[in-house]
Amino acid sequence: MIPAKLNYVTISTRVNVSSRQNSLFSEEELPPNPLAWEVAAAADCLIAEVVFNRPLTTVFQYLVPNELRDMIGPGQRVEASFGRGNKLTTGFCVGLSTTLPSGKTLKSLTSVLDRAPLIDARMLELTHWIADRYLCGWGQVLETVIPAGVKSKAGTREVLFFAVSPALVPRLVDPRAMLDELKLPAKQRAVLEVLATAPGPMRVDELSAAANCGIVPIHGLRDKGLIVASRERLLTPPTMAAPEVHCDIVLNPDQKRAVDTILGVVRSSQFQTLLLHGVTGSGKTEVYIKAIEEVVSYGRQAIVLVPEISLTPQTIRRFHSRFPAIAVLHSHLTDAERHGHWQKIASGAIQVVVGARSAIFAPTPQLGLIVIDEEHETSFKQDSTPRYHAVEVARHLAELEKIPLILGSATPTLETFLRVLRKQDMLISMPKRVERLPLPPVVIVDTRNDPAIAKGSAIGRAMFTAMQAALKAGGQVILFLNVRGFSPVFWCRSCGEGVKCPHCDVTLTWHKARAVALCHSCDYSTTPPSACPKCGKPGLLSLGMGTERLESEVRTRFPEYKCLRMDSDTMKQRGSHDTALESFRHGGVQILLGTQMIAKGLDFPNVTLVGVIDADTLLHQPDLRSAERTFQLIAQVAGRTGRSAKGGRVLVQTASPDQPAIQRAAAHDYRGFATEELQHRKTLKVPPFAHLARVILRGPHEGELKAYAEKTGELLRAAARDLAVDVRILGPAPCLVTRLKANFRYHLQMTSTELSALQRLWLQTVPTLPHHPEIEFVVDVDPLNLR
């Protein structure tokens, strides 16, 4: 079913067809004295509704030739001539109809690419909703949600099958009589006898083994026309990890209450979103598992979404130990592995799908529960088209399926918390850690007057003392710094400028181990400059602290202890993440330092100290969510310690010790922080009390881009007046990162309390935007990245 918001466009280019080619006429186009076949053809037609991977809200209509009628269905890919140049283009069939549009002659489909639909009716409905919700093309969504390995049939091989010739099928009522009459050699008779009693076509290797013969008798029968060959692509099944032994865990009262509440909703067969708000270490994962066990016992499936950086071997092992049939979907899978998992999930053989953002599109035919752990993570929002948020997609999917959605976090987003306050979602609280372990004390360390920090050290005096004490007592230490590289800035003492990427408005980061200056936005790299590119003076200073520099300092100041760095520079090889964490788990490493990779999903009882090297990296960003993200980061990092009777503590180094976000995080006071921040957001009329849509324009020439952006702003404001919608439009203005990948960037921001107002305004404006060959634009609905 295609909602009215999409436009139907009939391809009107006329093609010459003969009576044998399915030439169709509408009633108005029939000749004055139509022949019988012409009348029948006008009444008997099949129209495919097709979308393409283009930023279009249009569903195109194509005629289905007779030879393709039995092959096509919604959810399959097709090839068709597209555009004025009739370029052969791959699209997706999203529907079929028998109504011929009046006064038009349709182009015909060229071919059907898939034997069976790649997605079902539910996923078609969901992807169409995404296209409407996030203002992009339906074809763009479909292109994204179906993995490349599925479309290319990766991991399959062509296999030869044999079956009894159709001419012999009527004689199979008495196979022995047929065989006696044919008077075949013994081995050929054995082959035909096996096929005559087989329930269907047999693979050549299976047939050869069953008949106890080689390939020659089989080919002999084929040459005689007694058997027929066919070829089919078969998938090599993915390797499934062996289940691990686990011990039954006795739930504490908070966990039991949470499980009972969730199962009550599961048994009601109704849609409901539940926020499982539990402090770090409260046992939320065990609650998820108990709920999933119940769902699986009904013969249904579950999807568990976790941030990519939280998809640790520790997490995967925990699910593998409880469920024999589990698929783990992550970015390091090969196309063949992803295709194999996709087919096993679609067959219903997989009980639990665990994965990052895109796992929400797994083809689960018997979906019974969706869980999103660490629902506050920004990685659940995709930063390329389609710019969907997995939480909102999961909510709509759960509503379609009439199943529960569980959102788990120690620091929920303010959007989720506001839904709880408005009684739209159900709250389940778990305020205490398992075994009643206390939350670790958090000490705020003011670095403004620290002598070690003043001399350029990353580790202040208090942090150094605490690390010494923890290590001497046999504990382990985690240090968090969300900046990779050795130094994030090359600074010129003469002109005061930082050395920037030639393609981006971003400073180059020094990676000392690789001896390169690297742009983290476009991956441009060069040798570290010896002189300022702007003024030519030598003597550049490397300013700031990255994880590489922190590692160097730790090794210098704590030479007797093993140190390990975990960031995207050191964890590139497959399996390196698992190896590093196992080394830390077994005590081979005493000091673990890194970026967000170590901030979540880790449970190490021997960690007695966590140090936040610089809590201000996010706090002073020009972003409406900077305080919220700072609170979440400190709270999540703090949760890595104090997970055993040894206890633990957290030191937070900051030059802004009085900031409310830091103070509240140190006090483990989420509700207090959320209440204050929500009031602040309400005053400003920003999310979660309003919806945003950001229009980003980019082009190689700043003057032309600025003029185009101003014209876009004028058209948006004119459309807002015509539609009488309550939308506030800001801009245009240069983006925070003004130049990226050799393109200048401008943006506009639309704000409204009603999402539908933003959608109507944009759809009204887009057709009026002038075409410019070098300027591109995108729209990001409810953006999380405002750079």
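**Cysteines**

I looked up Cys501 and found its sulfur 3.6 Å from the closest cysteine sulfur, in Cys522, which is too far for a bond. A disulfide needs a pair of cysteine sulfur atoms within 2.5 Å. I then checked Cys504: its closest cysteine sulfur is also in Cys522, at 3.7 Å, again too far for a bond. The structure holds zero disulfides.

Next I checked burial. Cys501 has 5% relative accessibility and counts as buried. Cys504, at 3%, counts as buried too. (Buried means under 20% relative accessible area, exposed over 50%, partly exposed in between, with a 1.4 Å probe and protein chains only.)

**Ground rules**

I noted that this is a predicted model, where local features need pLDDT of at least 70 and side-chain atom pairs count only at pLDDT 80 or more, while totals for chains, interfaces and linings use all residues. Residues are numbered from 1 along each chain as its sequence is written, and side-chain values use heavy atoms, leaving out hydrogens and water.

**Sheet**

I traced an open, antiparallel sheet of three strands in the order E8-E7-E9. Strands E8 (202–203) and E9 (227–235) are at the edges; each has a single partner strand, so one side of each lacks a neighbour in the sheet. Helix H6 (residues 186–197) packs on the sheet and touches E7, E8 and E9. Its direction makes about 95° with that of E7.

I also followed E7 (residues 156–164), which nine bridges join to E9. Phe162 stands opposite Ala229 in E9.

My terms: two strands pair if DSSP finds at least two bridges between them. Helices (H or I, at least four residues) and strands (E, at least two) are DSSP runs, numbered from the N terminus. Contact means heavy atoms within 4.5 Å. Axes are lines fitted to C-alpha atoms, for helices over the stretch in contact, and angles run from 0 to 180 degrees between N-to-C directions.
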